[in-house]
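Trainee: I would like to go through this model with you, one question at a time. Please give the cut-offs as the terms come up.

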Amino acid sequence: MLYQQLYQAISADIASRAAKIKLLICDVDGVFSDGRIYLGNQGEELKAFHTRDGYGIKALRQANIEVAVITGRTSSLVEQRMRALTVPYIFQGQENKTAAFKELLQQLQLSADHVAYIGDDLADWEVMQHCGLAIAVQDAHPYLQQYAHLKTSLPGGFGAVREICDLLLIAQGKFMQFSGSST
């Protein structure tokens with residue numbers, strides 16, 4: 001399988017799980033970003049987002065794989081970035097991520113085995129344990145790494161989201177079908 005040549009070897013079980021995914025849910029801090037929050041002298045908040053992750057998200061959307069973010073924090077930067085990537089489901093300020101997860105399942109009429117979730121810390125585990133494909137970024141909390149179906153080869157904020165986008169696209173025979181640019 002091509003994915004094994006791009007990032008890391010994966011099992012037949014992971015490939016099978018990835019082939020069924022219709023929705024990718026991502027945490028933000030520590031997944032789309034490296035988890036650090038920069039505060040300016042005027043109180044402004046800054047985060048860095050990797051353009052490769054943006055390309056992957058846009059490719060998923062073009063391949064008719066839905067994308068959502070569920071994050072515990074609230075930030076106008078996150079709203080702005082996700083809107084630029086055409087992510088339609090943005091749940092911020094979620095202390096209970098499971099409620100947003102259940103709302104997404106109902107809204108999209110999906111079962112949990114059609115959902116992949118990528119996270120980095122313990123707040124993500126409650127949702128991850130119900131998903132068809134639970135993914136921890138390479139630098140996630142050790143508990144998450146231990147129980148996730150897959151750990152990315154790349155850390156959060158440095159292409160981990162793109163790595164999973166590529167996995168899903170390859171497993172579903174849709175890799176290299178995206179036409180567009182990263183944002």
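Trainee: Is Asn64 buried or exposed?

Mentor: Before the answer, note that this is a predicted model, in which local features need pLDDT of at least 70, side-chain atom pairs count only at pLDDT 80 or more, and totals for chains, interfaces and linings use all residues. Residues are numbered from 1 along each chain as its sequence is written, and side-chain values use heavy atoms, with hydrogens and water left out. Buried means under 20% relative accessible area, exposed over 50%, and partly exposed in between, with a 1.4 Å probe and protein chains only. Asn64 has 70% relative accessibility, so Asn64 counts as exposed.

Trainee: Where is Asn64 found, and what is its phi?

Mentor: Helices are DSSP runs of H or I with at least four residues, strands are runs of E with at least two, and both are numbered from the N terminus. Asn64 is in the loop between α3 and β4 (66–70). Most residues other than glycine have a negative phi. Asn64 is a residue other than glycine with a positive phi, near 65°.

Trainee: What is the phi of Thr86?

Mentor: Thr86 sits in the loop between α4 (76–84) and β5 (89–91). With 42% relative accessibility, Thr86 counts as partly exposed. Its phi is also positive in a residue other than glycine, near 60°.

Trainee: Is Lys47 buried or exposed?

Mentor: Lys47 is placed in the loop between β3 (45–46) and α3. Its relative accessibility is 13%, so Lys47 counts as buried.

Trainee: Which side chains have a polar contact with the side chain of Lys47?

Mentor: A polar contact is a pair of N or O atoms within 3.5 Å; within protein, one must be able to donate a hydrogen and the other to accept it, and residues adjacent in sequence count only if both atoms are side-chain atoms. Another, of 3.5 Å, joins Lys47 to Glu45.

Trainee: How many Å apart in space are Lys47 and Leu77?

Mentor: Contact means heavy atoms within 4.5 Å. Not counting residues up to four places away in sequence, Lys47 touches Asp29, Ile37, Arg73, Ser75, Leu77 and Val78. Lys47 and Leu77 are 30 residues apart in sequence, and their C-alpha to C-alpha distance is 7.6 Å.

Trainee: At what angle do α3 and α8 pack?

Mentor: Axes are lines fitted to C-alpha atoms, for helices over the stretch in contact, and angles run from 0 to 180 degrees between N-to-C directions. For α3 (residues 51–62) and α8 (residues 160–171), the axes are 7 Å apart and the angle is about 30°. Angles under 35 degrees count as roughly parallel, over 145 as roughly antiparallel, 65 to 115 as roughly perpendicular and the rest as oblique. α3 is therefore roughly parallel to α8, at about 30°.

Trainee: How many nonpolar residues does the contact of α3 with α8 have?

Mentor: On the α3 side the contact includes Tyr55, Ile57 and Leu60, and on the α8 side it includes Val161, Cys165 and Leu168. Ala, Val, Leu, Ile, Met, Phe, Trp, Tyr, Cys and Pro count as nonpolar, Asp, Glu, Lys and Arg as charged, and the others, Gly among them, as polar. By class the contact of α3 with α8 has one polar and three charged residues, and the nonpolar residues number nine.

Trainee: Which residues of α8 make the contact with α2?

Mentor: The axes of α2 (residues 12–19) and α8 come within 8 Å and cross at roughly 85°, which means that α2 is roughly perpendicular to α8. By class, the contact of α2 with α8 has seven nonpolar, no polar and no charged residues. Ile14, Ala15, Ala18 and Ala19 of α2 meet, from α8, Leu167, Leu168 and Ala171.
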